[in-house]
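Me: Hi! Could you walk me through this one before I set anything up?
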Amino acid sequence: MIRNVLVVGAGTMGHGIAEVSAIAGYNVYLSDVSKDILNNAIQKVKWSLEKLYEKGNLKESVEDVLGRIKTIEGLSNELREIDISIEAIPEKLDLKRQLFSKLEELLPNNAILATNTSSLPITEIASAVKRQERVIGTHFFNPPVLMQLVEIIRGSKTSDDTVKQTYEFIKSLRKIPIMVNKDVPGFVVNRILLRIITTACMLVEKGICEYTAIDAVARYKLGFPMGIFELVDYTGVDVNYYVSSAMMERGFKAYPCKTLEEMTKKGDLGVKSGKGFYTYPSNKYIKPNLPSQLAEKINPLYIIAPAVSEANWMVKNGIASKEDIDLGVRLGLSFPKGIFDYEREFGRESVTKALEDLRRISGMEEYLPE
């Protein structure tokens with residue numbers, strides 16, 4: 001029975017996870033390295049709770065929910081009652097491994113050790129502890145208060161009991177969990193997204209079309225909320241470059257996008273630097289103006305077919321179910337429909353033909369249909 005939750009890391013993801021846990025009625029301990037970081041996090045949680053209360057989305061008073069969050073500078077011996085800890089520190093494997101080793105010393109033997117990593121293997125993090133069966137991935141999406149999806153990732157030694165308890169805990173937060181049964185690079189949502197991003201980059205670098213045509217197709221023909229390169233700008237060119245590099249180092253075979261590497265080195269990082277594929281005055285996001293006729297310049301199947309193939313590979317290899325993959329892209333990427341809906345709409349033959357074209361254009365076996 002989970003009652004007490006520890007969240008380590010009070011940044012955007014950490015304080016968001018602490019907030020949803022407190023709203024759900026759990027006693028929450030929020031830990032970080034300094035009082036200033038923790039005070040800043042609590043102010044952000046308070047602001048968010050006030051907004052939820054104003055909109056009628058909070059059943060209790062702001063004070064009651066905040067009263068369930070206790071801040072801790074560093075880690076202390078008062079954590080003997082913790083039932084689940086969720087790590088939300090920077091995406092550096094060594095840092096996470098050091099933290100998990102420390103948590104194993106401080107927390108009860110039966111406490112679940114969860115990580116909010118979006119790209120690092122659960123098994124590699126778990127190798128820092130003796131009882132690896134209690135380590136699991138809980139990948140929340142940003143911002144945790146608003147985003148419904150949580151990917152639950154089983155490491156190579158995660159026990160069934162840990163999976164079951166974590167699944168029920170995530171549901172108790174009024175979130176929608178999807179199950180990632182094997183610890184593959186990128187889990188489900190980032191694998192699908194990266195397949196789309198690397199293919200879009202390949203088509204531009206091979207001179208098949210301009211990046212604006214790709215974005216117009218994504219927006220007007222596939223119904224995505226953002227163009228592919230617009231999304232890269234929004235989330236950070238450097239973030240996309242580092243995540244894709246980390247995934248490829250661990251065996252995800254995809255087209256290496258030289259443009260992302262060059263832009264990262266130049267400091268053209270997207271919205272946060274004012275310039276990426278598009279320009280952003282005052283470093284603020286403005287939706288790029290894309291004429292709809294640009295969408296006629298490229299076959300939309302060139303964008304979606306690799307995602308369909310990736311999704312079929314995941315089902316065939318027992319990574320995730322069709323239902324969870326479709327839920328993942330709809331909730332995690334705000335696609336208007338699931339990947340398998342696109343497959344049904346376009347037809348398997350058309351998807352296969354598009355993949356054969358992409359294989360010919362790229363010279364890469366990764367585009368062989370699954």
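Reply: Happy to. First a term: helices (H or I, at least four residues) and strands (E, at least two) are DSSP runs, numbered from the N terminus. This is a predicted model, where local features need pLDDT of at least 70, side-chain atom pairs count only at pLDDT 80 or more, and totals for chains, interfaces and linings use all residues. Residues are numbered from 1 along each chain as its sequence is written, and side-chain values use heavy atoms, with hydrogens and water left out.

Me: Thanks! Which domains does the assignment give?
Reply: Domain 1 covers 2-178 and domain 2 covers 187-360; such bounds come from an automatic or database domain assignment. Their centres, taken over C-alpha atoms, are separated by 29 Å.

Me: What does UniProt list at residues 5-183?
Reply: An unreviewed UniProt entry places "domain: 3-hydroxyacyl-CoA dehydrogenase NAD binding" there. UniProt positions are given in the numbering used here, feature names are shortened, and annotations may be inferred rather than shown by experiment. The chain over residues 5-183 is 39% helix and 22% strand.

Me: And where does it put the C-terminal feature?
Reply: UniProt (unreviewed entry) has "domain: 3-hydroxyacyl-CoA dehydrogenase C-terminal" at residues 186-280 and 303-365. Residues 186-280 are 61% helix and 0% strand, with end C-alpha atoms 29 Å apart. For residues 303-365 the figures are 76% helix and 0% strand, with the ends 17 Å apart.

Me: Back to the domains: how many residues are in contact?
Reply: 17 residues of domain 1 touch eleven residues of domain 2, contact being heavy atoms within 4.5 Å. Together the two domains bury about 1200 Å², 70% of it on carbon and sulfur atoms. Buried area is the accessible area (1.4 Å probe) that two parts lose on being put together, summed over both.

Me: How many salt bridges between domain 1 and domain 2?
Reply: One, counting a side-chain nitrogen of Lys or Arg within 4 Å of a carboxyl oxygen of Asp or Glu. Also, arginine 250 and glutamate 124 meet through their side chains in a salt bridge, at 3.1 Å from N to O.

Me: Which elements of domain 1 touch domain 2?
Reply: Helix H5 (122-126), strand S7 (149-154) and strand S8 (176-180) each give two or more residues to that side. S7 has the largest share, with three residues.

Me: New topic: which residues does the cis peptide bond join?
Reply: Asparagine 142 and proline 143, with omega about -5 degrees. Proline 143 sits in the loop between strand S6 (135-140) and S7.

Me: And what is the phi of serine 282?
Reply: Positive, about 60 degrees, although serine 282 is not a glycine. Serine 282 is in the loop between helix H11 (258-266) and helix H12 (301-316). Most residues other than glycine have a negative phi, and most peptide bonds are trans.
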